[in-house]
Structures are given as C-alpha cells and as structure tokens.
Amino acid sequence: MSILFSEDQKIVHITNASISYVMEVVDGKYLVHRYFGKAIRQYRGCGEPHYFKRGYNTEHRCSIPNVSFDDFPFEYPTRGHGDFRIPAFAVTQESGIDFTELLFKSWRVVEGKPKMSVLPATFAEKDEAETLEIVCEDETAGIRVYLYYSLFKDKGIIARHQRVENIGSQIVKLQNIQSISLELPARDYEFLSIYGTHAKEGNINRFPVHHGIQRMESVRGSSSPQHQPFFALMQPQTTENAGEVYSFHLIYSGNFLAQTELDQFGNVRAQIGLHPDTFCWKLAPQEVFDAPEAILNYSCQGLNGMSRNFHWLYQHHLMPSRFADVNRPVLLNSWEAMYCDVSLEKLEEQAELAKRLGVELYVLDDGWFRADNTTHTSMGDWKCNEQKLPGGVKKVAELIHGKGMQFGLWFEPEAICKNSELYKKHPEWMLQVPGYAMTEGRHEYLLDLSRQEVREYLISVLDFYLKDGMVDYVKWDMNRPLTDVNSLALEQDRKGEISHRYVLGLYEVLEQITKRYPRVLIEGCSSGGARFDPGMLYYVAQNWASDNTDAFDRTQIQSGFSLIYPPVAIGSHVSITPNHQTGRKTSFNTRYQVARQFNLGYELDLTKCTEEEMAEIAVQIAEHKKERSWMQKAFFYRNEVPNENYVAWSSISRDREECLVMIFQKFFNPLYSHGKFPLTALNPEYDYRETTSGKIYGGDELMEIGISVPTVKEDFHVFTFHFVRTEGSTQMKNCESR
Ligand code: GLA
C-alpha cells in the first residue's frame with residue numbers, strides 16, 4: 001500500500017496489491033484523472049488522450065495542444081468553463097453568480113484514515129489504510145476543497161470524501177458536492193443498480209450505458225427501497241466470476257444522486273453524492289462542510305469479486321466492530337404472529353415455546369404502546385399500554401429474561417401520530433409547511449430531527465427503556481418517506497439544508513444511543529429494506545431486508561442485497577405458510593434453507609405449528625447454532641447457474657475448509673434436469689467430503705465441472721450440500737501403475 005509522487009510532483013499514484021489510481025496536475029493547476037483499475041507498477045503517461053481542433057468548441061490557455069475542457073478528464077469537475085458534462089461541485093457566490101473554478105494547490109499523505117466529524121464512515125487502524133489529501137481552491141469565491149482518498153490495504157477499495165471550507169469573506173451557498181466523480185476510458189459499459197419497492201426490494205437492473213445521462217436517485221428523504229445508493233459500471237461480458245467492475249456506494253441515509261454520463265467521444269463520467277435538487281447549504285466565512293463518504297470499489301473478478309470487497313469492508317470497517325464477528329442470536333419476532341394485537345398471555349405462551357426450541361432473543365414488535373390494535377394510534381408517546389401488557393415493558397423484559405432469552409423491543413422513533421400527547425404538546429415539532437396540510441404516511445407524520453429538543457426527547461425516550469438493561473436489542477423502524485420537508489425552527493436562508501439536517505439529526509441520535517448502550521444490538525428496518533444503506537449499517541449491525549418473508553421472493557431480495565452487504569447484516573426470517581405477503585406455499589425446509597446463510601430468525605405464531613413443525617424448528621436452530629460461528633464470518637458467493645430456473649449460493653469458511661451450498665429450484669421442469677452448478681472459491685488442491693452422501697470430490701472438480709441435482713417434482717425445492725475438507729481421498733491410479 002503506497003501513495004507515490006513523481007519526482008517533479010506532477011503525478012500521484014495511489015496503489016496496493018489490487019489497484020492503482022493515478023492523477024496528474026497539468027500546468028500546475030488542473031487536476032486530471034489518468035487511471036483507475038488493476039494495479040500497475042508505475043504510470044509513465046501511457047494512453048494520454050489526443051486532442052484535435054474541432055468546431056463548436058472552446059479554447060483554453062493550456063500547454064496541451066487543442067485541448068478542450070469538454071473532453072478533459074477533470075478529477076473534480078465544475079461547470080462554467082467549457083466542461084458541459086455533469087459537474088461534481090457548485091457554489092453560488094454572494095453576488096448570485098453560479099461559477100466556480102477549482103484549481104490545484106497541494107497534496108500530502110495523511111497517516112491511516114482520519115475520522116470524519118459527524119457522519120458515519122469506514123474506519124481503519126493506522127497500518128490498515130493510507131490517505132491522500134488534495135487541496136484545490138477557487139480564490140475568487142474564497143472556497144477551498146479538500147479531496148480525500150483513503151486506500152485500504154490490499155483490497156480494491158478507495159474511500160472518498162470532500163470537505164469544503166469558506167476561506168473568503170463572503171457567504172456562499174453550496175449547491176452541489178458529489179462524493180465521487182470518476183472518469184472512465186471510452187469503451188462499452190453496462191450499468192447495474194438495485195431497485196425495488198416495499199416488499200420487493202433488492203432487484204437487479206442491468207442495461208447498456210447509452211449517450212446522455214443515466215441516473216438513479218432518491219428524493220424521498222431516505223435512501224429508499226426504490227433505489228439503493230449504489231451502482232456499478234462494467235464490461236458487457238462481466239459475469240458473477242469474471243470481468244471488470246467499477247462500483248460506487250454512498251455511506252448515507254438520505255437523498256442521493258447516482259449518475260453516469262456517456263459523452264460525445266465515448267468517455268464515461270460517473271458520480272455519486274448528495275442529491276443537489278434537495279440540497280443548498282449556507283456556508284459563512286470560516287465554516288466547513290463535510291460531504292458523506294462514498295466507496296469506490298474495483299474488481300477484476302466479476303460481481304462476486306465486487307461483493308467480496310464490499311462484504312469485507314462493511315463487516316470489518318463499517319458496522320460496529322463489537323458485533324462484527326460475534327454469533328448473532330436466533331430470534332423470534334412477534335409481528336407476523338400477533339401484529340399489533342399483543343397481550344401478556346400470548347407473549348408468555350410464545351416465549352415459553354420459543355425457549356424450548358432454542359430461540360435466544362424474543363422481539364416484541366409493534367403494538368406494545370398502541371391504544372388499540374391498529375397502526376393508527378399513539379406513535380410518539382412511547383408509553384406501554386398496560387391494559388395489553390400489565391406491568392409494562394419491565395414486566396415483559398423480566399418474563400423473557402426469566403426464560404433465559406434476551407429481550408428486544410420495537411421502536412419507530414422518528415414518527416408521530418396526530419392523536420398522541422406529544423402532538424398536542426409540541427405541534428411545532430413536526431416537519432411541516434405553514435399554510436399547507438401535512439401529508440400522512442402510514443397514519444404518521446415525522447418529527448423534525450433537525451431540532452435539538454426533538455433529538456433530546458428521542459434520546460430520553462430510548463434512555464428510559466435502555467438504561468436499566470431491560471432491553472438487549474432494538475428494532476429501529478421508519479415506515480414512511482419524508483414529505484412537508486420544512487423545519488419551523490430553521491431560518492429562511494437555511495431552508496435548503498433541512499433534508500440533510502434531518503439525516504444528520506438521525507445520526508446524532510444513533511451516535512448517542514450506540515455510545516451509551518454499546519451492548520444493545522440494533523436492527524435497522526424501514527418497512528423492511530427502505531433504509532438499508534451503509535450509513536445506517538455504521539450504527540445498526542443488521543438490517544431487516546424486507547417485509548416480504550416469502551422464500552421464493554427472498555431468493556431474489558437476498559441475492560440483490562448480497563451484491564453489496566455481507567449476509568450477516570441481512571435479516572431473514574422463517575415465517576408461516578401460506579405466506580402472509582404473497583400467499584405462496586413453500587416447505588419449512590425451503591424457508592429455513594433460504595434464511596440460514598443470512599441472519600436467521602423466526603416470525604410466526606408458534607402455537608399454530610404442528611408437533612412435527614416444532615421438532616423441525618428445534619433441529620434447524622440446533623444446526624444453525626453449530627454452524628453460525630464459521631458461517632457468519634464466511635465468504636458468500638452467488639454461484640453460476642445453468643439457467644434462470646435456479647438460484648445458488650454458497651458460504652465458504654475463511655480457511656476454505658467448509659462450504660455450504662444452497663440450490664433453489666424455482667419450478668419443477670424436466671427440460672432442466674441435467675444442469676451443472678460449478679462452485680466458486682474453494683481450494684482446488686483440497687478434497688471435500690459431502691456430509692450427507694459421504695462422497696468425496698476435489699475442489700478443482702467441484703469448481704470446473706460443478707455439482708448436479710436429482711430430479712425432484714416440486715416447485716420451490718431446495719437442494720443443500722455441505723462440504724468439509726477431508727484428507728486421504730482415493731486418487732485415481734494412472735494406467736502405468738495398474
Ligand atoms: C414495518 C416493519 C415490520 C413491522 C411493522 C410494525 O412494516 O417492516 O417488520 O415491524 O413495521 O408496524
């Protein structure tokens with residue numbers, strides 16, 4: 001891992017065993033991008049673009065003949081000087097002029113990875129990362145921008161962020177500050193993103209990049225189920241296991257823009273950052289602003305290579321370290337069993353059965369504070385309804401703890417119902433636009449988290465339940481997008497800041513709570529996966545991926561999220577059949593097999609299970625407990641499948657001695673009876689024994705030829721294979737020795 005400067009200090013080369021990132025300063029002032037990709041030893045100017053005189057163009061005082069700024073690979077582009085492509089940065093000066101020119105001033109290496117002020121970000125020890133800081137300035141506007149590049153040891157990962165400082169005497173308005181802007185060479189690319197909707201998150205979108213701008217975004221106030229703050233650009237031939245992939249992910253939970261532009265010459269510019277349409281930040285002299293961190297990930301081993309990098313980064317350098325490598329508890333969640341109709345009797349009954357099955361964490365979901373059994377009431381007050389639960393949460397916690405299980409509680413801290421006491425007491429605490437009716441979402445409004453007193457109130461509510469150690473786990477929900485995005489407390493010239501201030505407010509509450517109660521495991525949730533993003537993952541360690549618990553749909557949802565998140569961060573529950581969301585019927589085994597390589601839980605009414613089903617659950621939980629210590633740290637791969645009728649995953653232990661494979665058959669179809677499923681990333685030198693059949697295969701054999709599955713006349717059938725390294729397999733003798 002090193003950051004190397006050329007002798008004349010014109011070129012910087014950031015490199016480790018996997019990647020190189022090269023920039024050059026032209027004429028002492030223009031910072032341009034030269035290369036990002038597989039590691040090279042040294043950059044000596046190879047592949048520099050040739051410019052030619054052309055019509056309808058601009059001319060520049062630059063030593064490169066015929067250069068056009070509209071075709072110049074600016075590292076951090078602004079608009080106004082002849083680069084007409086998507087800009088990464090913009091400020092409006094006090095005069096009202098929208099014009100910025102960022103010129104290079106200096107660069108230096110910073111040890112390790114400096115901590116960002118108020119935003120979630122990846123972290124690293126001093127010997128795990130190295131950081132380049134580049135300073136650019138617009139002297140006329142009095143603006144200084146610091147560009148940060150943190151290179152992680154050995155991996156194809158660079159963490160990027162920008163800090164802007166007002167070094168002048170005028171108040172400026174920051175209109176746009178993208179976290180990454182990357183120039184890619186002219187060739188054919190495909191764009192891959194993750195899209196969805198409530199209860200159908202994590203879908204993969206892949207299409208050829210075409211001339212013009214292609215963008216994915218959220219203006220919903222949170223990262224949203226509609227688009228993940230992520231995209232990848234890759235060659236059309238890239239597969240799960242081969243080909244180059246450049247990917248981008250924003251560590252942020254609010255409005256974002258992810259876009260790519262294919263220009264007139266086939267060059268590609270890719271950007272990700274705060275959404276400029278909902279952002280305008282007043283920056284007075286001496287003030288600074290930090291943009292969220294974004295991750296730049298390069299893989300030359302296809303999409304699985306990209307996922308490996310993200311999984312490693314997020315499990316070891318983003319989620320709370322205290323949970324990264326510890327066994328996650330098997331939980332039972334009350335939602336699909338009781339919905340809001342909770343009672344102490346039901347709870348006691350469920351908890352007793354759960355304990356017998358080996359469940360370790362009992363989660364009381366929504367309903368405990370509601371005045372009735374609907375989602376219409378009481379949100380915001382957070383007082384337990386003692387008619388439903390006599391003795392309150394304390395009594396429930398004692399009951400669960402008394403059975404030797406941990407106790408988890410559901411909250412939706414940001415929401416408030418009109419009929420709550422809080423609403424009557426503080427009508428000014430909601431996001432609202434004077435003169436207009438507020439918009440409800442799931443019968444709720446949203447608290448204005450940009451207000452200090454609102455944040456203090458939420459912290460005090462959580463303090464009340466967490467301070468005595470009553471609660472071991474919190475499910476942190478958020479069930480609607482942001483509307484009426486205005487704060488009554490914010491001055492007129494700061495109205496453009498509210499969307500971002502809301503997210504900063506959320507982070508502050510989470511920061512306080514996680515600092516005060518580090519042992520409490522938090523599971524993020526937002527109507528399922530509507531705010532499943534790396535910003536939240538910095539605080540929450542696991543996320544409920546979707547309200548859809550149907551095993552068939554889950555194969556798609558979890559495959560999609562597995563592109564970027566390690567399976568241990570993805571909550572997956574075994575629920576009842578027919579499934580409450582889809583009406584689909586799948587076997588108990590199928591539901592379990594689809595969940596077990598992820599963060600396993602159960603969400604069903606145990607009193608309605610048959611004796612056989614209860615016995616099956618007990619076996620599943622016991623098996624999972626035996627395996628989770630290697631599986632929750634395993635390398636996870638999406639395996640190549642012969643056709644779209646199958647989904648195949650494997651978890652491989654870090655020492656590659658153990659491997660669990662799941663093959664999901666969508667529908668029985670005799671046409672597909674002879675497909676092969678090649679495995680990935682085993683050690684080709686090892687022999688592996690399949691534990692059910694006792695058969696031994698070489699790692700190379702399993703990867704090059706692949707396994708096959710028998711014909712089973714059943715839709716949604718799952719085949720599982722558990723391979724363990726074995727010594728002393730029978731080698732085939734060659735002809736001579738016979
Ligand atoms: C959301 C969550 C569910 C459940 C309900 C409770 O929809 O995604 O898991 O917690 O809220 O109201």
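Author: In this predicted model, the side chains of Glu190 and Arg206 are joined by a polar contact of 2.6 Å. Glu190 itself belongs to strand 11, residues 190-197.

Reader: Is Glu190 buried or exposed?

Author: Buried means under 20% relative accessible area. Glu190 has 15% relative accessibility and therefore counts as buried. Beyond its neighbours within four places in sequence, Glu190 is in contact with residues including Arg206, Phe207, Leu233 and Pro236.

Reader: How many salt bridges does a search of the whole structure find?

Author: Side chains of opposite charge can pair when their charged atoms come close. The search of the whole structure finds 46 salt bridges. One of them pairs Arg34 with Glu24, at 3.0 Å from N to O. Arg34 lies in strand 4 and Glu24 in strand 3, so the pair ties together parts that are 10 residues apart in sequence. Arg34 is buried at 15% relative accessibility, and Glu24 is buried at 10%.

Reader: Which residue forms a salt bridge with Lys346, and how far apart are the closest N and O atoms?

Author: The partner is Asp341, with those atoms 3.4 Å apart. Lys346 counts as partly exposed at 30% relative accessibility, as does Asp341 at 35%.

Reader: What is the N to O distance in the salt bridge of Arg596 and Glu627?

Author: That distance is 2.7 Å. The pair links helix 11, which holds Arg596, to helix 12, which holds Glu627, across 31 residues. Arg596 is buried at 3% relative accessible area, and Glu627 is buried at 7%. Elsewhere, salt bridges with shared partners join Asp83, Arg85, Glu183, Asp263 and Arg269 into one network.

Definitions and conventions. Residues are numbered from 1 along each chain as its sequence is written. This is a predicted model: local features need pLDDT of at least 70, side-chain atom pairs count only at pLDDT 80 or more; totals for chains, interfaces and linings use all residues. Side-chain values use heavy atoms; hydrogens and water are left out. Helices (H or I, at least four residues) and strands (E, at least two) are DSSP runs, numbered from the N terminus. Buried means under 20% relative accessible area, exposed over 50%, partly exposed in between (1.4 Å probe, protein chains only). A polar contact is a pair of N or O atoms within 3.5 Å; within protein, one must be able to donate a hydrogen and the other to accept it, and residues adjacent in sequence count only if both atoms are side-chain atoms. Contact means heavy atoms within 4.5 Å. A salt bridge is a side-chain nitrogen of Lys or Arg within 4 Å of a carboxyl oxygen of Asp or Glu.
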